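Please read the report below alongside the sequence and the structure, which are shown first. It begins with a single site and then turns to the chain as a whole.

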Amino acid sequence: MTKLLSPNNRNIILELKNITKTYTTGTNSFNALDGINLKIYEGEFISITGPSGSGKSTLMHIIGLLDNPTSGEVNLNGRNIAKLKEHQLAQIRNVTLGFVFQQFNLLAKTSSLENVLLPLLYSDVPKRDRQKIGLDLLAKVGLQDKTNNTPAQLSGGQQQRVAIARALVNNPKIILADEPTGNLDSKSGEDVMKFFHQLNEKEGRTIVFVTHDMDLAKEANRTIIIKDGKILEEKHA
Amino acid sequence: MTSLGIIIGVTSVILLTSIGNGLKKYVTDQFDSLGANSIFISPGRVFNDNGGFSQSGAIMTTSFSLKDVTNLKRKLDNVEITPANGVFVDISSPFNTQKSIEIDGSTQNFGINNNLAPSEGNGRWFTEEENSKKTPVIILGYQLAQDLFPNSSALGKKVIVKGKTLKVIGVSDKKGSSFGGPSFDKQGYIPLNVAFDLAGNNDIQSIIVKAKNKDSIESTKKQITKIMLEKYDEDAFSVFDSSQLLSSINSIISVLTISLTGIAAISLVVGGIGIMNIMLVSVTERTREIGLRKAIGAYPRAILIQFLIEAVILSCIGGTTGILLGYLGTLAIKSFFPAQVTISSVILAFGVSSLVGIIFGVAPARKASKLSPIEALRYE
Ligand SMILES: Nc1ncnc2c1ncn2[C@@H]1O[C@H](COP(=O)(O)OP(=O)(O)OP(=O)(O)O)[C@@H](O)[C@H]1O
Ligand SMILES: [Mg+2]
């Protein structure tokens, strides 16, 4: 990979065209996203920031193919995902995308290791390799001695790190992280960011993360600022 | 916990049908012991036109006489004819008095035909000579002997019936109790002529004709009817064999079994609703889990298979536990009530509860797997 920071000359890996997401509660309808256009290039490191309730998580879910937009088009590698079958989408979520949820979404009553290994159940990674992959990843996020703990036996920051390890278990090309450092102290937060930089620079993975911390947002190549469901501003580093 | 509904459903279905079927088998066995090839002549109409018991059958308006017996004996060849006369009397030993005991007067072969002759060491049945000489002897049923002589053997002792002293010459083997009907164990048996004296008349209440073999039953019955019609009205007597008796008893038992199965079905439904409820309560939790699994790449079929397997395992555990409990319960009941586990009840109970478990385990999963991952994750 070249150290070229500008997205020019690179492939567009994901493109959003005029995305809206409207939530209807009772008779009220509310545009959580309102005409979003966004191109994400291969190997980019993007931060998304903005006030609470501005639509960051909603946008991330649509990028992560976890939710359907009310209108607009999502193209992944040049293909409109609306045309894909359910099992094809599942495979993309499993192999190509790694998603870190703001609320972690770990399975309760299930150990850290099993949580991390969950996506491998639906992949073709050989059974005998799985355990080692999971243990390595847990060690990478500093949880080698918590492999058998269930989420209830972990702190918020530790749960977040399990969620990050789970997102990485299938070596995804695109990592989408919704406030991955939100529950971490500044030291662990920096560790996670260092880890992301490494994944981006050494392994060429595309990373999109949401943060409220302007200092962290600035570490990305490009910062997108959202307000009221619209892109307010884009800053290149 | 989730299996509880299945366990209750399966257990109750098996238990209830076991009781019904046990009852049926018990009655069948009882009638078999009446002896094969036996034809009964009874006063009044025992059966109605539909093959069920006639309502007036219980009231015996006519009775037969020894003349009928000799008449039959003369006109039928190759058959054994046993007259029987039952009276209800109080019977006393030196220790106590048993009230309203049925004492059957009959001939020698009655004991053999009904397997009532005492086994070795317990005395003997009366002889034809004792019958004709009106020797005051009695054979006690197993239970009656114990009741009258609680702490000693009844053999050789004296009992008093209607002021008449009878010598106990035998005690019948234990036959077991029967339901509703008289118990052989609580009866006494005396020679017919002694019974005539006790009753104060020479009436005979039933005549048992033993046909030569199974094939001759029908023709013998026809002959008997013809002979009896010479003297009695059509409605005044009935001629039937044990298979006929059996089929009417069986039709009663079937009704019983059906109603018991009905109760079982209700318990299945209740059990099913229990399963349904537990499954539906966990829908929220399950829907979230499905959302997460979809988010990390589970394809719809994998989710359905997972939940199907879970439901099947739960149903199997519940069903097997239920079968086991039902079986153990049946064993427990068996000691004081006839009960028998049947394969069909096991299959029915297991099948229905598994079906309910599987349907209500998989249906929410199916629905949830159609939501987008985020919709499922946020489900409440
Ligand atoms: N399922 C829903 N139904 C109705 N409204 C919703 C739903 N999900 C989100 N919203 C609304 O959409 C808006 C955007 O929500 P979103 O979670 O994307 O915000 P956010 O930018 O991630 O906020 P935060 O920084 O607090 O995480 C909010 O006003 C929220 O109330
Ligand atoms: Mg958010």
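In this predicted model, A:Glu179 lies in the loop of chain A that runs between strand β7 (174–178) and helix α6 (186–201). Although A:Glu179 is buried, it takes part in no salt bridge, and the nearest side chain of opposite charge, that of A:Lys56, is 5.0 Å away. A salt bridge requires a side-chain nitrogen of Lys or Arg within 4 Å of a carboxyl oxygen of Asp or Glu. When neighbours within four places in sequence are left aside, the residues in contact with A:Glu179 are A:Lys56, A:Gln102, A:Gln160, A:Val210 and A:His212.

Together with A:Glu190, A:Asp215 and A:Glu219, A:Asp213 forms a negative surface patch.

Turning to the whole chain, one finds seven helices and 10 strands in chain A. The table gathers some overall values for this chain.

| Property of chain A | Value |
|---|---|
| Buried share of the 237 residues | 56% |
| Share of contacts between residues at least 6 apart in sequence that join residues at least 24 apart | 69% |
| Accessible surface | about 11500 Å² |
| Share of the accessible surface belonging to carbon and sulfur atoms | 47% |

Note on methods
Residues numbered from 1 in each chain as written. Chains lettered and ligands numbered in written order. Predicted model: local features only at pLDDT ≥ 70, side-chain atom pairs only at ≥ 80, totals over all residues. Heavy atoms only, no water. Patch = residues over 30% accessible without salt bridge, like charges linked within 9 Å, V, L, I, M, F, W, Y side chains within 5 Å. Areas by Shrake-Rupley, 256 points an atom, 1.4 Å probe, with all protein chains shown as cover. Lys, Arg positive; Asp, Glu negative; His and termini not counted. Charge placed at Lys NZ, Arg CZ, Asp CG, Glu CD. Helix = DSSP H or I, 4+ residues; strand = E, 2+ residues; numbered from the N terminus. Buried < 20%, exposed > 50% of the residue type's maximum accessible area, 1.4 Å probe, protein only. Contact = heavy atoms within 4.5 Å.
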